[in-house]
Amino acid sequence: MTSTTAAASFRPLDLDAVHAFVLVATLRSFTRAAEALGTTQSAISLKLKRLEDRLGQRLLERTPRQVRLSSQGAAFLEPARRLLAAHDQALAGLEEAPHRLVIGISDHVAGRDLPGLLARLQGRDPALVMEVRIAASRDLGGLLERGELDAAILRLEPPLDGRPADLAAEAGEPLFIDPLCWFAAPGWEPPPAAPLPIATLSAPCGVRGHAVRALDAAGIPWTEVFVGGGVAAVGAAVLAGLGVAALAPRAAPLGAVEVGGRFGLPPLPSAPVVLRSAVSDRRSRAALATLVAAFRAAG
């Protein structure tokens, strides 16, 4: 090996480019990765090209509709994550104390993708100590106002009179629009000549309010057969075959099926999901940006 070749082989990788690659590979999107890093798609593409040129390997297969890892990219992903983790741990050793971020997430928004979302956030900053509280949006808003949360992801239910939610009146960054649908267990059928059995959260719950209002407006008799203390409990009741429930698709339990059209149930309103945050430090803002990008990608 010549001295020139040896020097090139030991030229260190650009950590910013490695970080960009890991985000694109994790989120499967240049757009979401750019959002998480607060930059542009073209800047992300340039970083990835430089990394691929440095490695002499094509890491990503780009198509108009999706981003896929090449075989070389799949092999490089875990070592790249370990490299970033080692870098962050080295910097964390200089910190006076671990960094803590207290996040509230609406019960209707968290959904079954939450473990993967949190794993992505932890991979972004291994020294981060996360405290996550899952609760109703109305409760999380109060906790945020009292300073008990650093940030909250809230579902803003529109008023029951049918008017759209007024985002201008709410402090927060709009993330996405979350639909509501009717879900039941596979093969479940409503009892003949009987009120529709529904599983709900206890009042006051905006989703419950819209569900019963829509049924009443459609002239569909209903009866409450299960009241859960959280979305997970309502989802369990659905899978147990107790009745139907109004849920956001991201919060519906795995295995439940959408049945609104099949049973002639009324449409339900969508609601905006927003991020409200009181953080200003760089590490917290970077962690939140990664979490928001992951939520958008999962949605």
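**A loop residue and its surroundings**

Guide: Pro 179 is partly exposed, because its relative accessible area is 31% and that class lies between buried (under 20%) and exposed (over 50%), computed with a 1.4 Å probe on protein chains only.

This is a predicted model: local features need pLDDT of at least 70, side-chain atom pairs count only at pLDDT 80 or more, and totals for chains, interfaces and linings use all residues. Residues are numbered from 1 along each chain as its sequence is written, and side-chain values use heavy atoms, with hydrogens and water left out.

Where does Pro 179 sit? It is in the loop between strand S6 (173-178) and strand S7 (181-184). Strands here are DSSP runs of E with at least two residues, helices are runs of H or I with at least four, and both are numbered from the N terminus.

Set aside the neighbours within four places in sequence. Pro 179 is then in contact with Arg 155, Leu 247, Ala 248, Pro 249 and Ser 270. Contact means heavy atoms within 4.5 Å. Arg 250 is 71 residues away from Pro 179 along the chain, and their C-alpha atoms are separated by 9.1 Å.

Follow Arg 155 into the strands. Its bridge partner in S12 is Val 273. Strand S5 (residues 151-155) and S12 run antiparallel, joined by five bridges. S6 also pairs with S12, again antiparallel and over five bridges. There, Glu 173 has Leu 275 as its bridge partner. Two strands pair if DSSP finds at least two bridges between them. S12 itself covers residues 271-277 and is mostly covered, with six of its seven residues buried.

Now turn to a helix. H2 (residues 15-27) has 13 residues and reaches 18 Å from its first C-alpha to its last, close to the 18 Å expected at 1.5 Å a residue. The expected span is 1.5 Å times one less than the number of residues. Eleven of the 13 residues of H2 are buried, so the helix is largely enclosed by the rest of the structure. Among them are His 19, Phe 21 and Leu 27. Asp 14 caps the N-terminal end, where a side-chain oxygen lies 3.0 Å from the backbone nitrogen of Asp 16. Just after H2, Arg 28 takes a positive phi of about 55°.

Last, confidence. The protein averages a pLDDT (the predictor's confidence in each residue, from 0 to 100) of 82, and 86% of the residues score at least 70. Over residues 1-8 the pLDDT is below 50, and this stretch has three contacts in the model beyond near neighbours in sequence.

Key:
Polar contact = N/O pair within 3.5 Å; in protein donor to acceptor, adjacent residues only side chain to side chain.
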